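Open the structure in your viewer and keep the selection tool ready. Each stop below names what to select and what is there.

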Amino acid sequence: NNAVNGYDHSGEDAIWLQDTNAAHGFGHTSLLLEDGKGDWWYFYWGDKCVALIKIKNNDNNYTLQIINNKIKGKPYRSNYNYFIKLKGNFEKSISYLDKILKKLSGTKSSKILPQSLTWSYGNIFSVPYIYPNPRYSLALNNCVQVSVDALLKGTFVPNDKQYKKILKYARNGHIIPNLIFCGFQKFVNISNSPYGINYAMKNYKSYFNYSFKFFYKIHIFKRKISITIKTNFYNKNIKFDYYI
């Protein structure tokens, strides 16, 4: 179930983390980014908190179980259930995110969590936990959008131009984490299959169009309004209850 785009033990790779069960079925996206020293940086972007945390790993052999064990509660308390491994050089992605956190740590609207440690990345001083997140926007700057922005700062190996074209299309046209993840996962799977990258690029827009369809069912009882949305994201139904 996990798309794999190679793995480079020399460093600077990336792992796209996805929790398809989060946010009422709309999903949550995070990243693991490897620097030139072989250390991994876990990035979390949410409305209540931002984090960039260094995680040491000795064998470069990550599984979902290992990932969830290492980052549980830092600050994400749920488990990721899918990932995509990406080959390339993403040191610039780490630097980009580090600068964002540095700016946030100096704003009056954000505070550094008391239990925060500080990590040294290059010449930049990183503060991993910041809350709340004044730059979070559900429509314009959510978890998957900022994660894609970070990946675009790096370099994919091979096929950097094609990978970035796909991500820019997804970033500019969609806001739902599971939709973008599903489309990108399909693209990576096809590009790594015998069909190859050229075939994967032919109908890439359809990868995102097929992934999300709504079927609404609205039930009103007294002051309670229940809205059920049936999606084809892993055959999940999303239910919202509102009180008026």
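This is a predicted model: local features need pLDDT of at least 70, side-chain atom pairs count only at pLDDT 80 or more; totals for chains, interfaces and linings use all residues.

**Stop 1**

Select alanine 23. It lies in the loop between strand 2 (14-19) and strand 3 (28-34). Look at its backbone: phi is positive, about 55°, although alanine 23 is not a glycine. Most residues other than glycine have a negative phi. Alanine 23 is partly exposed, because its relative accessible area is 45%.

Histidine 24 has a positive phi of about 60°, and it is not a glycine. At 52% relative accessibility, histidine 24 counts as exposed.

**Stop 2: a cis peptide bond**

Select valine 157 and proline 158. Which kind of peptide bond joins them? The bond is cis, with omega about -5°. Most peptide bonds are trans. Proline 158 is in the loop between strand 12 (155-156) and helix 4 (160-173).

**Stop 3: the salt bridges**

How many salt bridges does the structure hold? There are three. Visit them one by one.

Begin with lysine 48 and aspartate 47. Their side chains meet in a salt bridge, 3.5 Å from N to O. Lysine 48 is exposed, with a relative accessible area of 62%. Aspartate 47 is partly exposed, at 40%.

Move on to aspartate 160 and lysine 164. The closest N and O atoms of this salt bridge are 3.4 Å apart. Both residues lie in helix 4, four residues apart, which is about one turn of the helix. Is lysine 164 buried or exposed? At 17% relative accessibility, lysine 164 counts as buried.

Finish with arginine 171 and aspartate 149. They form a salt bridge whose closest N and O atoms are 3.0 Å apart. Arginine 171 lies in helix 4 and aspartate 149 in helix 3, so the pair ties together parts that are 22 residues apart in sequence. Both arginine 171 and aspartate 149 are buried.

**Stop 4: a positive patch**

Select Lys99, Lys102, Lys103 and Arg135, which form a positive surface patch. Arginine 135 counts as partly exposed, at 38% relative accessibility.

**Stop 5**

Select leucine 52, in strand 5 (residues 50-55). Leucine 52 is buried, because its relative accessible area is 0%. Leucine 52 and tyrosine 42 are 10 residues apart in sequence, and their C-alpha atoms are 5.5 Å apart in space.

Next, select isoleucine 180, in helix 5 (residues 177-191). Isoleucine 180 is buried too, at 0% relative accessibility.

**Stop 6: the cysteines**

Select cysteine 143. At 5% relative accessibility, cysteine 143 counts as buried. Then select cysteine 182. It also counts as buried, at 9%. How many disulfides does a search of the whole structure find? The search finds zero. A disulfide is a covalent bond between the sulfur atoms of two cysteines.

How values were computed:
Residues are numbered from 1 along each chain as its sequence is written. Side-chain values use heavy atoms; hydrogens and water are left out. Patches are made of residues with over 30% relative accessible area and no salt bridge: like charges are joined within 9 Å, nonpolar side chains (Val, Leu, Ile, Met, Phe, Trp, Tyr) within 5 Å. Accessible areas come from the Shrake-Rupley method with a 1.4 Å probe; for residues, only the protein chains shown count as cover. A salt bridge is a side-chain nitrogen of Lys or Arg within 4 Å of a carboxyl oxygen of Asp or Glu. Lys and Arg count as positive and Asp and Glu as negative; His and the chain ends are not counted. The place of a charge is taken as NZ of Lys, CZ of Arg, CG of Asp or CD of Glu. Buried means under 20% relative accessible area, exposed over 50%, partly exposed in between (1.4 Å probe, protein chains only). A disulfide is a pair of cysteine sulfur atoms within 2.5 Å. Helices (H or I, at least four residues) and strands (E, at least two) are DSSP runs, numbered from the N terminus.
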